[in-house]
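Have a look at the fold first, then read on.

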Amino acid sequence: MAELTVPVQRDIKEERRRAARAFRDERTRAGTFVVRLMSSPGAGKTTLLQKTAQVLTERFRVGILVGDVETERDAQRLAPYAPSLQITTGGACHLELPLVQRALPQLSETAFDFLFIEDVGNLICPASHDLGEHLRVILLSTTEGDDKPGKYPKAFRTSQVVVLSKSDLLPYVPFSLERAEADARLVQPELQFFVVSALGGDGIGDWCEFLIRRRDELLAIDASQSSCP
Ligand SMILES: Nc1nc2c(ncn2[C@@H]2O[C@H](COP(=O)(O)OP(=O)(O)OP(=O)(O)O)[C@@H](O)[C@H]2O)c(=O)[nH]1
Ligand SMILES: [Mg+2]
């Protein structure tokens with residue numbers, strides 16, 4: 001079969017990177033810290049967001065966008081805690097920035113201090129897409145095995161934080177926090193780790209304080225840059 005080369009003459013990846021940077025900068029100027037959660041299905045993203053929203057909404061405005069292939073179930077679970085909107089991808093295994101941009105104005109308000117984005121449960125595809133988040137967090141639950149960072153390196157390499165979730169199950173499963181951490185650090189030495197049980201509440205306080213600190217740091221940097229002549 002004859003091959004036909006079509007010159008596109010557009011760097012689509014660079015266009016996407018630029019759009020993500022612009023989205024991130026807009027949110028920074030609005031004072032919104034965007035935190036994205038990725039993990040394999042069922043690692044505990046929605047449960048962690050329920051607990052996180054419960055704590056943060058005492059002092060902050062929180063919004064949540066949640067991606068799934070089908071159903072509104074996660075948004076329904078999150079709605080009692082914070083304005084939440086489901087993005088159903090209809091088969092796609094990850095979210096993309098245009099979906100986020102379309103969904104955001106449909107949340108009850110957009111002036112949030114924290115915007116959380118839960119991506120579709122998948123350790124592979126989401127890692128290749130920048131949704132304009134300030135902080136990319138990957139959850140690894142104790143039931144998945146401590147060997148996963150090396151097997152799914154891109155998700156760990158492109159994240160800044162690992163939440164080792166379901167710590168309450170540690171007595172019952174062969175999972176070593178040390179091994180998981182060491183394996184992840186081989187992929188990305190700068191990763192920060194939190195050990196959390198969203199069901200039991202252990203580690204939730206440290207996790208929320210960390211998020212507040214990171215938002216404060218972001219806003220302080222933005223303020224100092226805005227005041228530069
Ligand atoms: N023991 C224990 N179970 C948990 C914990 N966090 C979540 N779970 C359970 O794990 C299951 C999956 O939790 P979800 O929060 O729905 O996980 P998810 O990552 O949002 O799942 P998807 O959106 O389908 O990818 C549920 O049955 C939760 O109750 C935890 O800290 N400890
Ligand atoms: Mg979920």
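Is the crossing of H2 and H8 left-handed or right-handed? It's right-handed. Keep in mind that this is a predicted model.

## Where H2 meets H8

The two helices, H2 and H8, pack at about 65°, and their axes sit 10 Å apart. On the H2 side the contact uses Lys 51, Thr 52, Val 55 and Leu 56, which meet Ile 204, Trp 207 and Cys 208 of H8. Sorted by class, the residues of this contact come out as five nonpolar, one polar and one charged.

## The sheet

Seven strands make up an open sheet with parallel pairing, and the order is E3-E2-E4-E1-E5-E6-E7. Strand E3 (84-88) and strand E7 (192-195) are the edges, each pairing on one side only. From one strand to the next, the twist averages 20°.

Take strand E1 (residues 33-38) and strand E5 (residues 135-141): four bridges link them, in the parallel sense. Val 35 has Leu 135 in E5 as its bridge partner.

Back to H8, which spans residues 204-226: this helix lies across E1, E4, E5, E6 and E7, and runs at about 135° to E1.

## Around ligand 1

There are 17 residues around ligand 1, and Gly 44, Lys 45, Thr 46, Thr 47 and Gly 121 come nearest. Helix H2 (residues 45-56) turns up here too: with three residues, H2 gives the most to the shell.

Terms used
Residues numbered from 1 in each chain as written. Chains lettered and ligands numbered in written order. Predicted model: local features only at pLDDT ≥ 70, side-chain atom pairs only at ≥ 80, totals over all residues. Near = placed C-beta within 6 Å. Pairing = 2+ DSSP bridges. Axes fitted to C-alpha atoms, helices over the stretch in contact; angles between N-to-C directions. Contact = placed C-beta atoms within 7 Å. Left-handed = near helix turned anticlockwise from the far one by under 90°. Nonpolar A, V, L, I, M, F, W, Y, C, P; charged D, E, K, R; others polar.
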